[in-house]
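Please read it alongside the sequence and the structure.

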Amino acid sequence: VRCQLSPPQRPLQASAVLRRVSDEQKKEPLASSSQQQFDSHPTDHQPEQEPQGPRPSYTGQGGQESEDYESEEQLQHRILTAALEFVPEHGWTAEAIAEGAKTLGLSVAAAGMFHSDGSELILHFVSQCNTKLSELLEQEQKLVQLGEAEKKPTDQFLRDAVEARLRMLIPYIEKWPQALSILLLPHNIPSSLNLLTSMIDDIWHYAGDQSTDFNWYTRRAVLTGIYNTTELVMMQDSSPDFEDTWRFLENRVADAMNMGNTANQVQSTGEALVQGLMGAAVTVSNAETSRAVR
Amino acid sequence: LPAGGVSLRLCSTRVALEGINKPVIDRIIRVDHAGEYGANRIYAGQMAVLGRSSVGPIIRQMWNQEKDHLKKFDELMVAYRVRPTVLLPFWNVAGFVLGAGSALLGKKGAMACTVAVEESISDHYNSQIRTLMEEDPEKYKELLQIIKRFRDDEREHHDIGLEHDAEAAPAYSVLKTAIQLGCKAAIFLSERI
């Protein structure tokens, strides 16, 4: 389930409107999105196709202002991406979004397109991180398939994937507790839960999970628990390069692997026990029969 | 990741996921997987009671076919990255109980259960085939072939059941209606949960 923010897509001359409102000199034209393929594809899925950060087409396109119909959603993504740079200073707020809009040559009124609590900014960031993680895992998988890398054992794979994803929080770690509490607001829960579950599903998919029974749920639940607790530990970790966090992560993953082994052992023991009892019952009934015959 | 046994379009066990109607395919595969799983358990229940009777071999043969169906849906589930239904543990028990219960009504009872279930499943497969044909027969060609083949198998099971005097079972029409109602509910739930 790949999910991103999905405001309805409408071809909108939003960029044109905001440009008229802006006081500042236009820097690069925002126009050059005409070669972006927005007209053919709905933009709220297939994250692998969306370039990260500022779109390359906006650099060095000369001074032309062609008639573009950048969708509102694309514009919002650009503003939010630009706003991330200001989060360490302003937090996940409308100020950060306003600053981001300014760097794109838009009016600070552009921040009015978004909620005042910074929800969209945070969700956008989470979605971006998840996409980066998917790409990373995809590349690793390609290397393994080409034989250029060793396939990692499951526990190491999970550790590395969770670590890679959590490391993306490091530049914003000061303000991340604020973000977490905003993500827990009722109106954000569906989106944040969706993003979390699809990320966990992605990690398991690349780890090679092929379960088609209830294990599918158990594994994802366990990994979600590991991810969330490690994230919380990271918030309070002050060790150099968060080594305490990674050690915590290693221990939790080891626990999870043990849990799996223990479950198997319990099952084998149970089966052996049942067989033992059946054998005993047969023996007793044979003994009775032979005694009755005598 | 082991290579997929069937000709799938991408490397390893994955299928090109872009461009397909994911919600629709998700539901189809999830509910079909649940159905084959349930059918497996039903035949297991029937075998537990009637395994050593004269219809034992017939039931076993049908059960083996259902096992193949389940295996195929396991593969499709991984290839299309579909989640299984949460209710699987429940269908595990319910299927076995239905199979064993109907078998306790006698061989004809077991056959009646088979007829009811297989008729439900064939109708269900038919409506899925219609849905996929309406969507895009070319894009879903492979899936369509699989579902058509399975529908024919289920139809065959249904006919085998009739041949073995299913209609002479005690309270045949009541039994059949009740079982088919249960199947409809199971399908509804498994598609969603």
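A:F214, B:V86, B:F188, B:L189 and B:I193 make a nonpolar surface patch of about 400 Å². The model is predicted: local features need pLDDT of at least 70, side-chain atom pairs count only at pLDDT 80 or more, and totals for chains, interfaces and linings use all residues. Residues are numbered from 1 along each chain as its sequence is written, chains are lettered from A and ligands numbered from 1 in the order in which they are written, and side-chain values use heavy atoms, with hydrogens and water left out.

**Nonpolar patch**
- Patches are made of residues with over 30% relative accessible area and no salt bridge; nonpolar side chains (Val, Leu, Ile, Met, Phe, Trp, Tyr) are joined within 5 Å, and like charges within 9 Å.
- Accessible areas come from the Shrake-Rupley method with a 1.4 Å probe, and for residues only the protein chains shown count as cover.
- B:F188, one of the patch residues, sits in helix α6 (residues 172-192) of chain B.
- B:F188 counts as partly exposed because its relative accessibility is 47% (buried is under 20% relative accessible area, exposed over 50%, partly exposed in between; 1.4 Å probe, protein chains only).

**Salt bridge between chains**
- Over all chains there are 19 salt bridges (a side-chain nitrogen of Lys or Arg within 4 Å of a carboxyl oxygen of Asp or Glu).
- One of them pairs B:R81 with A:D201, with the closest N and O atoms 3.2 Å apart.
- This pair joins two chains, because B:R81 lies in the loop between α2 (56-79) and α3 (88-104) of chain B and A:D201 in helix α8 (residues 189-206) of chain A.
- Both B:R81 and A:D201 are buried.
- A network of salt bridges links A:D201, A:D202, A:D209, A:R219, A:R220 and B:R81.

- A:D244 and A:R247 form a salt bridge (3.4 Å, N to O).
- These two residues are about one helical turn apart because they are 3 residues apart in helix α10 (residues 243-293).
- A:D244 is partly exposed at 37% relative accessibility, and A:R247 is partly exposed at 46%.
- A:D255 and A:R252 form a salt bridge with their closest N and O atoms 3.0 Å apart, and both lie in helix α10, 3 residues apart.

**Chain A overall**
- Chain A has 10 helices and 0 strands (DSSP runs numbered from the N terminus: helices are H or I of at least four residues, strands E of at least two).
- Of its 294 residues, 43% count as buried.
- The accessible surface of chain A is about 15,700 Å², and 56% of that belongs to carbon and sulfur atoms.
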